[in-house]
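Dear colleague,

Please find below the structure that I am handing over to you, together with its sequence. My notes on what was found in it follow.

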Amino acid sequence: MNNIVENFIIGLSKHPRLNSDVFFAEQRKFAKSNNRGFFNKDELNKAYQKLLDKKTLKPNPTLLSLIRMKNTRSHSGIAVVSVLTKPYPCSGRCVYCPTQKDVPKSYLSNEPAVMRAISCKYHPYRQTESRLSALEATGHIIDKISIRIIGGTWSEYPKRYQSWFISQVFRACNEYYSKEKLSLSLPHNQKVNESANVRIVELSIETRQDRINYQEVIRLRNLGVTKVELGVQSVDDNILQMNSRGSSNADTVRATKLLKDYGFKVSYQMMLNLLGANPASDINVFKTIFSQQDYRPDHLKIYPLALVKNSKLYKHYVNGNFQPYDRNTLIKTISTIKSIVPEYCRIERVIRDIPAEVIVKGGAKSSNLRQEVQQKMKRLAISCRCIRCREIKDQTPLGIDRLYINEYLASDSQEYFISIESGTNTKQLRGFLRLRKVNENTNMLVGACYMVRELHVYGPTVAIGETDALASQHKGIGKRLVTVAEQIALEDGAKKICVIAGIGVRKYFKKLGYKLVNTYMTKDLKPDT
Ligand code: SF4
């Protein structure tokens with residue numbers, strides 16, 4: 001049996017234009033001629049690893065992306081590792097927020113990420129290490145990872161705990177393929193990670209907008225954070241007040257600008273069906289955040305409110321003051337919202353991973369909401385233009401690559417969404433770069449400059465130093481995008497360009513002539529650069 005699977009893998013590896021269509025056609029052909037079912041991904045993965053160990057096969061990223069389990073975890077170009085902070089009180093009083101003993105505020109003990117954290121006693125090193133080995137065991141390339149720190153309001157944890165937590169995450173990555181134990185300070189662990197075998201290319205935290213100020217952004221930069229998720233929920237002050245959110249629309253506007261001026265990627269967590277809201281007011285909130293330049297987030301998480309018993313909102317429900325949206329209302333509302341999201345924004349989620357059995361009632365109980373929304377949009381002949389819906393994933397590029405530059409105003413300055421896309425009607429996003437003009441006196445660390453806030457090349461993960469015939473990574477797409485960004489900055493008379501690079505990406509920018517200044521990779525611009 002082993003040989004049959006191995007021969008099948010070897011046959012696929014030799015195919016000149018291997019893609020998902022070829023993969024399924026070969027599976028069908030083999031199953032028919034041998035009167036058997038398809039090979040499952042587990043047996044294909046094991047056979048692939050065995051062939052690598054025997055050196056009968058060279059690493060083949062395209063093949064790996066087709067046989068790897070849960071492919072969505074890394075076909076956006078990097079593998080994501082979520083790590084939870086320990087349970088800690090939050091000063092917020094939000095009515096919808098669940099409270100459970102020994103679990104971080106706003107999380108529930110039976111959410112998958114929480115269960116994993118509990119089994120590691122919330123230790124950041126153990127959580128990181130165990131996620132890395134789970135990803136590796138299921139065929140994912142883990143040399144570039146995005147760390148997502150979740151678990152309540154990050155800015156309210158003690159400063160010493162924050163530094164220790166992040167240092168342990170870096171240490172776990174640095175030691176993953178190394179026998180040497182490297183427990184030293186955070187700056188040391190960051191330095192080692194620049195050339196480690198598991199590099200952190202993105203580091204995000206989640207916090208409240210009223211906790212963002214100058215001191216906090218400087219602190220986040222020193223910790224190596226590159227992305228901030230703000231619990232915005234709504235931009236309607238009446239709704240925020242009814243839900244005891246404790247922060248205002250003005251906080252959101254101020255935090256968004258400060259974070260963007262310091263180069264952070266800004267993600268909004270938005271909640272539908274808050275107390276006092278209705279589908280029309282929810283849709284209006286999304287129209288506002290994209291039509292008004294004060295907001296315009298880079299990333300978006302749409303969380304339909306999940307009514308759970310251990311929240312204050314449950315009392316409102318029992319008293320008849322609150323009703324969760326039913327499934328159809330929710331699907332219709334999300335479909336409309338998705339159709340108004342612009343090309344520069346990525347919708348990361350449309351539902352939170354809360355087990356259906358703890359949700360009292362409503363459409364949020366549906367576990368395949370994203371698919372149901374897609375079907376609804378198809379029926380209504382409307383489409384979503386967000387980054388995620390245009391990512392090339394493991395498709396073969398159709399037609400030639402084209403460069404697009406989308407310029408827009410956001411938080412009082414110019415933003416450029418520079419992308420390389422192939423295909424005609426259905427654009428396939430191969431990579432993009434987010435560039436911002438940083439005006440005088442808005443960033444005290446680097447001064448006036450052009451700032452690269454995000455650079456992402458899509459397609460299956462390709463290990464550092466390797467190339468693959470079809471995948472987008474390591475094809476010079478990133479370099480081409482950086483060159484265009486430098487040209488835009490030069491044409492506007494900028495003296496320098498800076499990048500809020502994740503620690504693990506610093507080396508890449510060093511090769512392009514950048515050097516580290518005050519936590520940013522920086523390059524002086526001269527007309528002939
Ligand atoms: S701020 Fe977040 S964690 Fe704190 S009560 Fe509100 S929802 Fe819960």
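Predicted model: local features only at pLDDT ≥ 70, side-chain atom pairs only at ≥ 80, totals over all residues.

In which loop is Ala 381 found? Ala 381 sits in the loop between α15 (369–379) and α16 (387–390); helices (H or I, at least four residues) and strands (E, at least two) are DSSP runs, numbered from the N terminus.

Residues are numbered from 1 along each chain as its sequence is written, and side-chain values use heavy atoms, with hydrogens and water left out.

Ala 381 has a phi near 55 degrees, a positive value in a residue other than glycine. Ala 381 counts as exposed because its relative accessibility is 70%; here buried means under 20% relative accessible area, exposed over 50%, and partly exposed in between (1.4 Å probe, protein chains only). Asn 441 also has a positive phi, near 65 degrees, and is likewise a residue other than glycine. Asn 441 is placed in the loop between β10 (428–438) and β11 (449–457), and its relative accessibility of 60% is why it counts as exposed.

The ligand and Thr 153

The residues around the ligand are Cys 90, Gly 92, Cys 94, Tyr 96, Cys 97, Lys 105, Ser 106, Thr 153, Arg 208 and Arg 245; a residue is near a molecule or strand if one of its heavy atoms lies within 4 Å of it. By class, this shell has four nonpolar, three polar and three charged residues. In that scheme Ala, Val, Leu, Ile, Met, Phe, Trp, Tyr, Cys and Pro count as nonpolar, Asp, Glu, Lys and Arg as charged, and the others, Gly among them, as polar.

Thr 153, one of the residues surrounding the ligand, lies in the loop between β2 (144–150) and α7. Thr 153 is buried because its relative accessible area is 11%. Leaving aside neighbours within four places in sequence, Thr 153 is in contact (heavy atoms within 4.5 Å) with Cys 90, Glu 206, Thr 207, Arg 208 and Arg 211.

The nonpolar cores

A nonpolar core is a set of buried Ala, Val, Leu, Ile, Met, Phe, Trp, Tyr and Cys residues joined through side-chain atoms within 4.5 Å. The largest one has 97 residues, and Ile 145 and Leu 300 have the most contacts inside it. Helix α7 (residues 159–175) gives the largest share of this core, six residues. Beyond its neighbours within four places in sequence, Ile 145 is in contact with residues including Ala 79, Val 81, Leu 132, Cys 173 and Val 198.

A second, separate core has 27 residues, among them Ile 418, Leu 435, Ala 494 and Tyr 514. Tyr 514 is also one of the contacts of Val 482, the others being Leu 433, Leu 455, Phe 509 and Leu 512, with neighbours within four places in sequence left aside. Val 482 lies in helix α17 (residues 477–491) and counts as buried because its relative accessibility is 4%.

Lys 227 lies in strand β4 (residues 227–233). Is Lys 227 buried or exposed? Lys 227 counts as buried, because its relative accessibility is 4%. Its contacts, apart from neighbours within four places in sequence, include Glu 202, Phe 264, His 299 and Glu 348.

Asp 412 lies in the loop between β8 (402–410) and β9 (413–422). At 44% relative accessibility, Asp 412 therefore counts as partly exposed. Lys 257, Gln 293 and Asn 439 are in contact with Asp 412 when neighbours within four places in sequence are left aside.

Cavities

Rolling a probe the size of a water molecule over the atoms shows where empty space is left. There are three cavities of 30 Å³ or more. On a 1 Å grid over the protein atoms alone, a cavity is a set of points where a 1.4 Å probe fits but cannot get out, and lining residues have an atom within 4 Å of a point. Grid points are joined across faces, edges and corners, and a volume is the space filled by probe spheres set on the points.

The second largest cavity holds about 60 Å³ of space. Its lining has 13 residues, of which Ser 234, Met 271, Ala 277, Asp 282 and Val 285 lie nearest its centre. Elements giving two or more residues to this lining are β5 (265–272) and α12 (279–291), and α12 provides the largest share, four residues. By class, the lining has eight nonpolar, three polar and two charged residues.

With kind regards

Methods:
1 Å grid on protein atoms, 1.4 Å probe; cavity = no way out; pocket = protein on both sides within 12 Å on 5 of 7 lines; lining within 4 Å.
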